[in-house]
Amino acid sequence: MSELTQLPAWQKLWDHFADAKQLHMRELFESDPERAERYGLEVGGLFLDYSKNRITDETLQGLMQLAREAGLPERIKSMFKGEKINTTENRAVLHVALRNRTNSPIFVDGEDVMPKVNSVLERMGKFAHAVRSGEWLGYTNQPITDIVNIGIGGSDLGPLMVCSALRPFGHPRMNMHFVSNVDGAQLKETLKKVHSETTLFVVESKTFTTQETLTNALTARDWFLQRARDEKAVAKHFVAVSTNQKAVADFGIDPSNMFEFWDWVGGRYSLWSAIGLPIMLYLGEENFTELLNGAHIMDQHFRNAPFEQNMPVLLAMIGIWYINYFGGGSHVIAPYDQYLHRLPAFIQQLDMESNGKQTRTDGSPVNFETAPIIWGETGINGQHAFFQLLHQGTHISPIDLIASLESRGSLPGHHEILLANVFAQAEAFMRGKTAEEVREELAAQGMKGEALEALVPHKVFAGNRPTNTLLMSFLDPRNLGSLIAAYEHKIFVQGVIWGINSFDQWGVELGKQLAKTIHGELTGKLKSAEHDSSTRRLIQLYRQANKSK
């Protein structure tokens with residue numbers, strides 16, 4: 001593996017950065033009337049304006065050369081061919097197979113995975129139709145009105161985000177609920193809203209042994225049986241997304257209502273698989289297929305488009321420019337759409353769990369920054385919260401502003417105000433406001449002399465703050481699929497540049513292991529283990545507070 005910092009393009013970009021860091025986007029726009037046209041790209045129903053970045057043609061040429069020298073073309077081919085690029089777990093990475101709408105063969109260990117993918121999709125479709133049409137009845141012969149998804153991580157956040165984003169497309173009879181937190185409050189409050197006769201629980205766990213998920217699932221099962229009082233009724237109200245048929249059957253779920261997925265499906269990339277069953281139940285098979293179609297459009301674009309016109313590659317490499325050259329350690333996701341309010345959290349998991357690594361694939365430590373801290377909120381709310389820091393703070397935090405052009409379903413007059421804010425914020429971040437402009441503005445308001453001059457520095461905005469504007473023609477399943485896939489591939493590209501494995505997550509394991517030991521101590525099942533003084537003290541505080549239990 002080539003050392004990133006020794007690649008010719010890496011060094012050349014540092015030489016270029018010495019001059020480029022002084023450039024202001026105001027000047028770049030003034031000197032190039034065609035900048036917005038040249039730095040814009042459309043894929044399907046998704047448009048990207050990346051002109052408001054601190055880049056020039058020379059910057060982009062250097063970044064694309066870096067991508068080639070880092071082996072990106074070969075890595076893209078390897079992923080789509082089903083090679084085991086998740087090296088620490090010896091697994092292929094094939095979320096692209098889940099939305100392979102051409103059905104072209106994709107092989108893992110010599111076996112074409114597409115027949116199995118299509119078989120599970122077909123079973124999901126039949127089941128979803130039965131539930132949505134009212135053919136599937138509960139133990140008192142009533143149709144299902146509420147779906148409670150029990151999972152954690154990718155088995156929760158992906159389906160939750162998509163169902164929230166596409167709520168206008170949801171079945172009018174269906175109410176969706178998502179439980180992930182082992183804190184009993186979340187499940188307790190959810191169960192208050194539903195009735196045992198009309199609720200379907202979807203338990204999502206690959207091994208069916210995940211502690212948080214199984215704890216919630218068993219509690220839900222107890223709640224259900226207190227009302228149904230018939231073990232056989234469990235099969236009508238619980239289904240599983242798993243690979244552990246025995247554990248599923250022992251739980252009381254009919255194995256014919258277990259939906260399979262595979263080890264080449266990473267949790268945070270799994271909403272396209274049977275993990276997306278809640279999405280299909282809510283949206284229907286047709287809309288779920290459109291979600292897959294949108295992702296497939298982006299997959300094909302990513303696989304085939306030249307890097308210079310490749311949306312995920314451009315997003316990734318411009319991100320590299322800020323992270324590794326400007327020292328921008330965070331990235332903001334700001335959707336201007338209430339339906340997308342869970343998108344920042346989804347991208348946060350997708351990016352930080354994928355690329356939050358300090359070790360390269362060859363086992364050597366990295367000596368540069370990797371994943372940025374991803375954060376954000378709906379843009380309108382963000383404007384009245386953290387945008388102050390983005391405009392006048394000391395950090396460089398690139399921002400993705402995401403919106404829909406068409407005002408489908410919006411109340412009269414609202415969408416125009418929303419988009420006015422999107423476009424205005426992008427312009428304000430780019431332009432800023434000079435001291436001269438502030439003086440003219442204050443003078444026009446009647447201020448003068450010392451009072452005017454005292455206020456000037458507080459109202460100056462440096463500008464030159466980078467943004468990407470991502471516009472969907474409108475928010476529908478296809479365009480959302482394309483948007484999610486664009487971020488997935490962006491993250492993959494950055495992982496390739498840094499030489500890290502974006503598809504394992506060993507960092508979550510240590511805390512889980514320690515929690516099992518401490519749980520045993522808290523419940524009295526284990527004697528005190530060796531801990532640092534702080535942890536011992538915390539355990540003692542718990543015991544003192546719960547002596548009567």
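What is the relative accessible area of Glu 89, and is the residue buried or partly exposed?

Reply: Glu 89 has a relative accessible area of 21%, so it counts as partly exposed; buried means under 20%, exposed over 50% and partly exposed in between, with a 1.4 Å probe and protein chains only. The model is predicted: local features need pLDDT of at least 70, side-chain atom pairs count only at pLDDT 80 or more, and totals for chains, interfaces and linings use all residues. Numbering starts from 1 along each chain as its sequence is written, and side-chain values use heavy atoms, leaving out hydrogens and water.

Glu 89 sits in the loop between helix 5 (72–80) and helix 6 (95–98); helices are DSSP runs of H or I with at least four residues, numbered from the N terminus. Leaving aside residues up to four places away in sequence, Glu 89 touches Phe 503, Asp 504 and Trp 506, where contact means heavy atoms within 4.5 Å. Of these, Asp 504 is 415 residues from Glu 89 in sequence, yet the two C-alpha atoms are 7.2 Å apart.

Helix 23 (residues 509–523) contains Lys 512, which is partly exposed at a relative accessible area of 41%. An unreviewed UniProt entry lists Lys 512, with Glu 353 and His 384, for "active site"; such annotations may be inferred rather than shown by experiment. The three span 160 residues in sequence and the farthest two C-alpha atoms are 37.2 Å apart, so they do not all gather at one spot. His 384 lies in the loop between helix 17 (379–383) and helix 18 (387–392) and is exposed, with a relative accessible area of 72%.

Asn 287, in helix 14, counts as buried because its relative accessibility is 18%. Not counting residues up to four places away in sequence, Asn 287 touches Phe 169 and Pro 477.

The axis of helix 14 (residues 285–304) comes within 7 Å of that of helix 15 (residues 311–326), and the two cross at roughly 70°; axes are lines fitted to C-alpha atoms over the stretch in contact, with angles from 0 to 180 degrees between N-to-C directions. Helix 14 is therefore roughly perpendicular to helix 15, a term for angles of 65 to 115 degrees. Met 298, His 301 and Phe 302 of helix 14 make the contact with Met 311, Pro 312 and Val 313 of helix 15. By class, five of the contact residues are nonpolar, one is polar and none is charged.

Methods: Angles under 35 degrees count as roughly parallel, over 145 as roughly antiparallel, 65 to 115 as roughly perpendicular and the rest as oblique. Ala, Val, Leu, Ile, Met, Phe, Trp, Tyr, Cys and Pro count as nonpolar, Asp, Glu, Lys and Arg as charged, and the others, Gly among them, as polar.
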